[in-house]
Amino acid sequence: MPSDTRRSVAALLVVQVLFGAMPVLGKLAIAGFGAGGLAILRMGGAALFFQLLRPLLRLPVLPWREQPFVLLCAILGISANQLLFLHGLARTSATHAALLTTTIPVQTRSEEHTSELQSPCNLVCRLLLEK
């Protein structure tokens, strides 16, 4: 196996282990920081990390006209997601959270095949995502 492939497989393995450990580690961290505090720490730490990494990789600065859209995407796609996940995790067990997280693709796929139960929201999302 070429070294690039090995590094890719190793990186994917690390990501999956961390993804699988999140409910357990999150449950332990919530005990000390609370769900909102943990979400702020995760998002703030990631933002700081990427701001420090940007000059090293010589990435361009985001144009001002694009920043409001990126901020909206960050709020909806990251902040709201983290807050909802961590508040849900605080109210249930790590096992239930991991089970729900891993079954979301299955639930989404099975919903596509039950046309009688299609909600208007699901139909709009499907129309937006279709090519």
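Let me start at R58, the residue that follows helix 2: its phi is positive, near 55 degrees. Keep in mind that this is a predicted model.

Now helix 2 itself. It runs over residues 35-57, which is 23 residues. At 1.5 Å a residue that should give a span of 33 Å, and the end C-alpha atoms lie 32 Å apart, so the two figures agree. Its buried residues are A35, L38, A39 and M43. What covers them includes helix 1, residues 3-33, together with helix 3. As a reminder on spacing, an α-helix has 3.6 residues a turn, so positions three or four places apart point the same way.

Next, helix 3, residues 67-90. With 24 residues, its first and last C-alpha atoms are 32 Å apart, close to the expected 34 Å. There is a bend in helix 3 of about 35 degrees, at I75. Buried in helix 3 are Q82, L86 and L89.

That brings me to the core. Which residues make up the largest nonpolar core? There are 10 in all: M22, A29, I30, A35, L38, A39, M43, L86, L89 and A97. Helix 1, helix 2 and helix 3 are the elements that give two or more residues to this core. The most comes from helix 2, with 4 residues.

Which residues does A29 contact, if we leave aside its neighbours within four places in sequence? Those are G34 and L38, and L38 is one of the buried residues of helix 2.

Definitions and conventions. Residues numbered from 1 in each chain as written. Predicted model: local features only at pLDDT ≥ 70, side-chain atom pairs only at ≥ 80, totals over all residues. Heavy atoms only, no water. Expected span 1.5 Å × (residues − 1). Bend = angle between axes of the 7 residues up to and from the residue. Buried < 20%, exposed > 50% of the residue type's maximum accessible area, 1.4 Å probe, protein only. Contact = heavy atoms within 4.5 Å. Core = buried A, V, L, I, M, F, W, Y, C linked by side-chain atoms within 4.5 Å.
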